[in-house]
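Reader: Can you walk me through this one? I'd like to start with how the chains meet.
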Amino acid sequence: MTGEALAGLVFLPLLAACAVLALPSRSGRVPGTAIVVLSLVGPLVLLLPITVALWTKGAFSLQLAGFDRPLGIVWRVDALALLLLWLHAVVGALVGVQALASYPTATDRGRRFWPLWLLLSGGMNALLLSADLFNLYVTLELVTLAAIGLIAIDGKPAALKAAMRYLLLALMASLLYLLGVGLIYGQTGTLDLYQAGQTLDPALLPITALVLMLTGLLVKSAIFPLHIWLPDAHGNAPGPVSAILSAMVVKVSIYIIWRLWFWMAPAWELMTAANLLGVLGAVAIFYGSILALSQKRLKMIIAYSTVAQLGYLMLVFPLASAVAFQGAVYHLLSHGLAKAAMFMAAANILLSLGTDNIKRLSGLDQRLPMDVFTLALAGVSIMGLPPSGGFLGKWLLLTAAWQQDGWAWMVVIVAGGLLSAAYVFRILAATCFHPKAAGHNRNIKALPPAPASIAALALALMAIIAGFASAPILGLLEAGLPPEMP
Amino acid sequence: MNSLTLYVMTASALFGIGVYGLIIAGHLLRKLLALNLMGNAVFILMVTVAGPFEHGPDPVPQALVLTGIVIAVSATALALALMVRLYRETGRATLGDNDGDEEVDDG
């Protein structure tokens, strides 16, 4: 039963992508919409038996086609993979509501958009399940190429340039990763992440391989100073695409970094490298926040906020404790929900105003109250105010730093929270500003579709609720901690 | 110099030329060629990893290289399509500095 459900997670989106592509252009809107809705809701249902299995039996593996390691490919489900699969299913379904509104399946735009979107979705599910180094490479390429197609889909020059820059860097990054995989295979004769970890020693060649793979993945997850492609790509992509890029696509490469670091090489003494990664994260927090403060466009502010918030996910390397790991995963989950909500609200605003220039947002709180409310609620989680999910993630990281007397890391976490408050309030102040001369916002062209606003609000609410409903998630993580984690 | 050293040195040289080209070249087509050169360097290294040993070469890295080539071809095709579209929209096949904000900004 769980095997079929796992296969469904990957093949349902892929089959749906083919089906949308194969539909005759005159088939009307019903069949296309039905296929898309099925593939958006399907993962939520398929994840139920998988969750039950993990809850009762603990982590489990699946050998594809019955071939065992080292030759066969193994899928592995543990707490981390399951939580990210849930995040992807929930964010994907709700962002999909907005995508359906802006890219109806019966139109030409929709027929170009949905196959790529579903390919991205299937690729990400496969990536999260895979425990095979080369399979991870293939799925990561699938995710990246589909994401680049989605950024460029409307053919606007700014988006095309951003997509091109992303593509060049991403291709270089995947070659670095592949080089590392080749070296590791040469050393161990296996591609299985766990099996390779058991045979590898921290000698020169394995460490070179790990560094190559990490460098490639740091480019793909846009960690400072390798983030240069992210703001333009996320800020110029179509609304729903920005949401899924910031919520999921950058996170899956961080997921692979965690897998390599904590599962493949858990016993290596890499404190210097861990501190270096932590410092990069700290610089990213300051740099991203300060640049977010100086942006002119709402979507660019949110994109730079992503650069900053990804920095927190790097702090788990120097802290390296169970609490820090729980905090980082919790931060990842709540940031995914909140950032998707923010990008969706920004897309709604962009749609109704025709611009997202921060100066033109005045009086918007009265014209688009729901979207402004979404921005505020998601902002609460981004800032890390209690009782949101973002607060809990940062609080756990802070606790981990406190336990280890890591004063520098505590300063970084607290200062990063204050800086994010500054840019969130800059957005809210702009929308709630009512200059007498200009009156209410007259530039408004059309109201955004109601389902899009409701879906964004639902995501923002979930980011807040994550602060209350933490017990089962943290319990699951507690049971699925990486090996050798103090 | 044995053949192993020769392969590794060729791969390193190709990779270096690729990195240089990717950074220096302005035209996107040159950047793509440089990337493909880097890809070939990685593939050569992976074929080197495959042997031949006493009982013959290891087929797994060669299969990986085949998959890698397929991925490289599709990525290059996507990049070429993007480049052509970019040229049609902007009249240039380079990544200039004036991008991002201005074009969407209504001022």
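Author: Here is a short tour, from the chain contact to the helix packing. This is a predicted model, where local features need pLDDT of at least 70, side-chain atom pairs count only at pLDDT 80 or more, and totals for chains, interfaces and linings use all residues. Residues are numbered from 1 along each chain as its sequence is written, with chains lettered from A and ligands numbered from 1 in the order in which they are written.

Reader: How many residues of chain A are in contact with chain B?
Author: 32 residues of chain A, against 33 residues of chain B. Contact means C-beta atoms, placed from the backbone, within 7 Å.

Reader: Which helix gives the largest share on the chain A side?
Author: H6(A), with 17 residues. Helices H5 (133-151), H6 (157-188) and H9 (230-236) of chain A each supply at least two. Helices here are DSSP runs (H or I, at least four residues), numbered from the N terminus.

Reader: And how do the residues on that side divide?
Author: Into 19 nonpolar, seven polar and six charged. Nonpolar covers Ala, Val, Leu, Ile, Met, Phe, Trp, Tyr, Cys and Pro; charged is Asp, Glu, Lys and Arg; the others, Gly among them, are polar.

Reader: Is H5(A) mostly covered or mostly open?
Author: Mostly covered: 19 of its 19 residues are buried. Buried means 20 or more other C-beta atoms within 10 Å of the residue's own, with C-beta atoms placed from the backbone.

Reader: Take Phe134(A) in that helix. What does it touch?
Author: Val181(A), Leu191(A) and Leu64(B), leaving out residues up to four places away in sequence. Phe134(A) counts as buried because it has 23 C-beta neighbours inside 10 Å.

Reader: New topic. How do H3(A) and H14(A) run, parallel or antiparallel?
Author: Roughly parallel. The axes of H3 (residues 79-102) and H14 (residues 322-353) of chain A cross at roughly 10° and come within 11 Å. Axes are lines fitted to C-alpha atoms over the stretch in contact, with angles from 0 to 180 degrees between N-to-C directions. Under 35 degrees counts as roughly parallel, over 145 as roughly antiparallel.

Reader: What residues meet there?
Author: From H3(A), they include Leu83(A), Leu87(A) and Val91(A); from H14(A), Leu333(A) and Leu337(A) are among them. That contact has 11 nonpolar residues, two polar and no charged.

Reader: At what angle do H3(A) and H4(A) pack?
Author: About 170°, with the axes 10 Å apart. The pair is therefore roughly antiparallel. Their contact divides into eight nonpolar, four polar and no charged residues.

Conventions. Two residues are in contact if their C-beta atoms, placed from the backbone, lie within 7 Å. A residue is buried if 20 or more other C-beta atoms lie within 10 Å of its own, exposed if 12 or fewer, and partly exposed in between; C-beta atoms are placed from the backbone. Angles under 35 degrees count as roughly parallel, over 145 as roughly antiparallel, 65 to 115 as roughly perpendicular and the rest as oblique.
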